Amino acid sequence: MLFINTRPSDRAANLTQALQTAQIPVIELPLLELVQQPYTDELASLFRQLPQAKLIVVVSPTAAQIGMQYLQQAGLSLHDLGSVQWVAVGKATERALASYGIQSYVPDVETSEGMLQLPVLQQLATGSTVAFWRGEGGRQFMMQHLKDQQIHILNFILYNRQCPPVTSEILAKHLTSLEANPRYAVLVSSEASWLNWLALMQPYPHLINRALYLVLGPRLAAMLGEYQQQHQAGFQFAQLEDLSGSTILQQLLMY
């Protein structure tokens, strides 16, 4: 089955290689790119408050990279954050933090719901401060949940997420191949990537319905289920617990 790898260009290669090694054809069609936000007075103010945080939640390798860059720009060092604990949204982010000598907690399921199951988050005292290094629009569910628990949030928006301009050109190049395939699989790793996919495929509703969507976590699965009911859509979807090549390959072989 043809697989559409929608991961950002800088994160797609390992998955593509793993699937191609298993003789699965892959088209790389990035649905998100991350554009760094400039260092502003608002960010400078947030960084000054960072030593007060109990936890820093880092949602991506890009967030780790930009956050560490701006930490230095703010005149702070990791020594100033000696009592702070770190949470990484997944293994790739854990590795990015480890490159700076930072140990982090990682959820078993790489979603907001998975992170909220971590004891280090569940045991936070009322009034504690948690910082989020994130992109525009990301992790709203998790932040709202913590706010409801009377946790103070420091909201660092370090980058914007957008559909890459080149993606429509890539789609046009491969449209004939998609039309020729009675079925293909599409990776959906976030709400933003799902919405970008729908916008991109708006002229081709029959191709939306032809796909098997592999979606990360229960919240995204519920979102696709609602869309399916509202639009009487004919597609199928399956829930992933992580984005590893072995997990995705296992799902593909089931179909």
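Here is a short tour, one selection at a time. Keep in mind that you're looking at a predicted model.

**Stop 1: a pair of helices**

Two packed helices are described by the angle between their axes and the distance between the axes. The crossing of α1 past α12 is right-handed.

Now show the side chains where the two meet. On the α1 side, pick Leu 15, Ala 18 and Leu 19; on the α12 side, pick Gly 245, Ile 248, Leu 249 and Leu 252. Sorted by class, this contact has six nonpolar residues and one polar residue, with no charged ones.

**Stop 2: Thr 167**

Next, jump to helix α8, residues 167–180, and click on Thr 167. Is Thr 167 buried or exposed? Its relative accessibility is 0%, and under 20% means buried, so Thr 167 counts as buried. Further along or back in the sequence, beyond four places away, Thr 167 touches Leu 29, Pro 30, Leu 31 and Leu 200. Zoom in on Pro 30: its backbone oxygen is 2.5 Å from a polar atom of the Thr 167 side chain.

**Stop 3: Asn 181**

Move on to Asn 181, in the loop between α8 and β8 (184–188). A polar atom of its side chain lies 2.8 Å from the backbone oxygen of Ser 177. Which residues does Asn 181 contact once neighbours within four places in sequence are set aside? Look for Leu 2 and Arg 210.

**Stop 4: two glutamines in loops**

Finish with a couple of glutamines. Select Gln 23, in the loop between α1 and β2 (26–28). Its phi is near 70°, a positive value in a residue other than glycine. With 69% relative accessibility, Gln 23 counts as exposed.

Then select Gln 232, in the loop between α11 (217–231) and β10 (236–240). Here phi is positive too, at about 50°, although Gln 232 is not a glycine. Its relative accessible area is 75%, so Gln 232 is exposed.

Note on methods:
Residues numbered from 1 in each chain as written. Predicted model: local features only at pLDDT ≥ 70, side-chain atom pairs only at ≥ 80, totals over all residues. Heavy atoms only, no water. Left-handed = near helix turned anticlockwise from the far one by under 90°. Helix = DSSP H or I, 4+ residues; strand = E, 2+ residues; numbered from the N terminus. Contact = heavy atoms within 4.5 Å. Nonpolar A, V, L, I, M, F, W, Y, C, P; charged D, E, K, R; others polar. Buried < 20%, exposed > 50% of the residue type's maximum accessible area, 1.4 Å probe, protein only. Polar contact = N/O pair within 3.5 Å; in protein donor to acceptor, adjacent residues only side chain to side chain.
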